[in-house]
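We will go from stop to stop, with something to select at each one.

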Amino acid sequence: RTGPGKCYCMYTEEDYNNMDSSTKPEILKMHLGMAVLQLLSLGVTDIEQFDFVESPPPSALTKALESLRLLGALNPDGTLNHLGEEMLQLPTEPQLSKALLEGLDRGCGDDVIIAAALMSSGHDVFYRGTVEKRNECAIQKQEFCQTSGDLLSAIDVYKEWFKVSSKTQVAWCKKNALNSKLLRSARETGNEIRDALSKIRPRLNLQVTAENIQESLSKSLLAGYFENIAWSFGHEKLGYMTVSSNQKAIIHPSSVLSSLGDQPEWVLYQQLKRTNQVFLLNLTPIRYDWLAEVAMHMLQYIDEETIARSRVVRHRIYPIGPELVKAVIGCKGSTIKQIETSVSEYSAIIDGHTAFCAVECNVDKGMVDVYTTKDCLNYASNQVNDVIQKKRRELEGYSEVFISNVGGLKTLVANDLTTRLILQPGTSCKFDVFVEKEDVSEEVNSDEVLDILRDAGNVIHYAACTNPMSGPNFRWGDVTYSDVSQTKKANTHLHSVRNRDELPYNVRRIQLKPTHVESTASQNYTQPSGVKVLVSWFLLPAREKAYIKCKSRDIADEIVYNLNQQMTTSFSKRSFVQKSGGDIAVFVQETDDEFTVRKQLEGCCTTSQVEGVSKITVPSNELYEVDLQAEKEKLMEVMKDFETVQILKLWFANCKKVRACVVFEKFESAQDVILKLNERRDVLGVRAMYLELESKREITCDGRLYDKIRKEIEALKNDEIIIEVEPRQRRKKIIITGEDPQVSCTCLYVKI
C-alpha cells in the first residue's frame, strides 16, 4: 500500500474455518539450536524443564540437544564447551556455525565465510526468469554452473560480482540473470560474520591455504550438515533417499546439478522443500568415504547392503540400427511400457518388492539404456534383447508376393528386396507354425520346436513369437524353407511324425500353414501412369445472383463502385453490398459461374482488389440425383477425338457440378484438349466446361522400397516441387505437388 486506504482480504468460509485463531509463536517455528545455546550459556542445565512462555514440543528440545552434542558443542555433562561458546557468538544457526569454524580450521579462509553468508541469505543466486525468458536465463546460467554443486558455483558468482564496480553491479546481474538482492544481502551477512570472528579469533588468517579448496569446503559443510545427506537410487526419475528421515526426494530444478544433468551418488543438501513432491535444495556432492573422516557416527544409520540392492545400475546396448531402437520403443512407447511393467512384476515375484525399471532409447545414436536393480538387470536386458532379435529376424526375413497379371505366380522376396525364388501357383516356402499341446496348463519348449522344424528341412529364416498365445493350439511363429523341395520334405516329415517320443514334451502335433501373400496388383496401391486432367461441368443454370465475399468492407465498397461504373459489364443490373455479412451481390446470367464472375472482376478492378476477394459463390438449384454413367458416356463422346488413356473416375461435387479425372499418355495431348475445350459452352452441361492439369500426384509403394529410394525422393524437392510422405501400414503414400504440372506428373515415376 502506498497511501491511506483499506485492504480487503478475500477467502472462502472453509479456509476461514481452517485458520488458526492466532499466529504461531516464533519459538515453535524457529530452529531451537540457537535458543538452546543461549539458555546453556545462561547456566540453565535442565532445558526440558525450563519455563517457556510458550513451550516447544519436548521432542524438538531433545532433538536440538542431540544435534548440539553431535556437533561437538557440549561437554559430557551437558554444558557448553569452547566450540559451543564460539558458535554462540556467530550470527548463524549452529549447523552453519560448525561448518564455518570447521572451514576456517581446514584453511578455507574467506571462501567459507562467503559460503556461510550465501547459505544464510538464500539458496539460489540465479534468476529463473518469467515463463517467456526462462530458456534464456537457463542458457546464461550454464556459464557459472559447476559439477561441484550449488554452493561452490554460487561462491564463484559472488567473487565475480564483487569484482564489478558497485555502480554497475545491478546491470551486471541483470545481464547475467543473477539475483542482485541476494548477493547484496550475502555481502552484509559476510561483514557481520567477519566482525563476530574478529572478536572470538582476533588473529584469524582469512587467506586460503587449503591445497584442495573444493574438497575442504565440501568436508566443512559435511561437518555441520552431516544429518542432511542423501544417496542416489541411480536414476533421475527415482531421485534420492535421505539418510536421517528415509524420505524420497529429487533434485530441485533450480539446482546447477539439474541444469548439468548430473546425478552424484551422494549429496549434501541444505534443506528440503515440500510441494506435491519433495525437493533437495542447495546441493553439494560428497563422497561416501568422507563420512568416516568427518561424521563417523552417521555410518550406523547407513545400510550399505540395502543401498546396493535398491540402487539401479545401467546396461547399455550399443550400437544397434535405428529400426531396432524403434522396435524397442514400440507404438507410442508401448513396448517400453511392457518391458518396464514386466520387470516390476518379475521383481515382485522373486523379491517381494517392486523394482524400478526404465528403458531409455536414442534413435539417432542407435543406443538403448536399461536401468534397474542388479537382481533384475539380467532379466530386463534379456527382455530388450528379445525384442531386438525378433525385429532383426523380421528385417532379415522373407515375404511371398504375387506377380501381377501372371496367373498366380509368386516371388519369394527378401526384406532387402532381392528376389530369391519364383514360385508356381499353389506352392509356398514361408509358413506360419501352429503347435497343438497335450496339456494346456503346461508350457512348450520353443527351442525344441525349432529343432524339429530344422530336422524337417533346410530352414533359411524363422521368427518365434516372444509371447505366444495360450490355448491348446497356438501360433509358435513362422518359418521359411530354402525351396519348394525342402517345403515338401518338411510337410512330409511333420505328417509322418506321430510318435510322441519324436516330438517335444507336451506337443501333440506341429502344422505348417502358408502365410499371407502380398499383392502388387491391388488397385488401391497402383495408379496408371500418365498426365491427369480434371474436367468440370454444370448440370443446372445459375440463379439470379452471385455473391462475392471480400476480406474487408473497404475492399467490398471499392469493388462495388468499380462494378457500377463499368459500362461494359455483362452484369444486367447494378450490384450492391448485402447488409448481413458484407458480401457483394451481383446479378448474373444463367450461364455464368465462379470463373466468369472472377473474369469480370479482373476486367474492371485492380489486382489488389481482386486479391482481396476470398470467395465467389454462384448458387443454382441443388440436384440430388445424377446419372453418372450417362454423364461419363457424354464425356467419352467429347473425348473420342483425343488420345485418352482412360477416364479414371467421375463424381458429383457439392450437388452442383460433375467432375472427372481423365488420364492422357502424353503431356502434349493434355495441353491440346485443354486448349480446345476449356471454357467452351454448349459442350457439356448448361454452362461452360473447365479443364485443368492436376498439379498433385499420389503413388503408394512398399515401405522397404521407399527406404531404399528415400534419399532420391528427397533430392527432388525444390521451390517448384513439394513432396509429402504418409505412412500406410507397411507401405508409403507419396504425394507430389508442383507448380509445373508436367514436372509433378513425371518426376516421381522416373525415380520409381
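Start by selecting H235, which sits in the loop between β1 (229-232) and β2 (240-242). Keep in mind as you look around that this is a predicted model.

Is H235 buried or exposed? Its relative accessibility is 4%, and because buried means under 20%, H235 counts as buried.

Now show the side chain of H235 and look for its polar partners. The side chain reaches the backbone nitrogen of K237 at 3.0 Å.

To see the surroundings, select Q263, V312, F356, A358, E360 and Y371. These are the residues in contact with H235 once its neighbours within four places in sequence are left aside.

**Next stop: the sheet**

Select β6, β8 and β7, and colour each strand separately. They make an open sheet of three strands in the order β6-β8-β7, with antiparallel pairing. Which strands are at the edges? They are β6 (312-317) and β7 (357-362), each of which pairs on one side only. On average, neighbouring strands of this sheet are turned by 15° against each other, direction ignored.

Zoom in on β6 and β8 (residues 367-373). The two run antiparallel and are joined by six bridges.

Now bring in the helices. Helix α18 (residues 374-395) packs on the sheet, where it touches β6, β7 and β8. The direction of α18 makes about 150° with that of β8. Then select helix α17 (residues 334-351), which lies across β7 and β8 and runs at about 155° to β7.

**Last stop: helix α24**

Move to residues 628-639, the twelve residues of helix α24. From the first C-alpha to the last, α24 reaches 16 Å, close to the 16 Å expected at 1.5 Å a residue.

Show the side chains of E631, L635, V638 and M639, which are buried in α24. Why do they fall on the same side of the helix? They cover an arc of only 90° around the axis, which puts them on the same side of α24. As background, an α-helix has 3.6 residues a turn, so residues three or four places apart point the same way.

Finish by selecting D627, which caps the N-terminal end of α24. One of its side-chain oxygens lies 3.3 Å from the backbone nitrogen of Q629.

Key
Residues are numbered from 1 along each chain as its sequence is written. This is a predicted model: local features need pLDDT of at least 70, side-chain atom pairs count only at pLDDT 80 or more; totals for chains, interfaces and linings use all residues. Side-chain values use heavy atoms; hydrogens and water are left out. Helices (H or I, at least four residues) and strands (E, at least two) are DSSP runs, numbered from the N terminus. The expected span of a helix is 1.5 Å times one less than its number of residues. Buried means under 20% relative accessible area, exposed over 50%, partly exposed in between (1.4 Å probe, protein chains only). The arc is that of the directions from the helix axis to the C-beta atoms. A polar contact is a pair of N or O atoms within 3.5 Å; within protein, one must be able to donate a hydrogen and the other to accept it, and residues adjacent in sequence count only if both atoms are side-chain atoms. Two strands pair if DSSP finds at least two bridges between them. Axes are lines fitted to C-alpha atoms, for helices over the stretch in contact, and angles run from 0 to 180 degrees between N-to-C directions. Contact means heavy atoms within 4.5 Å.
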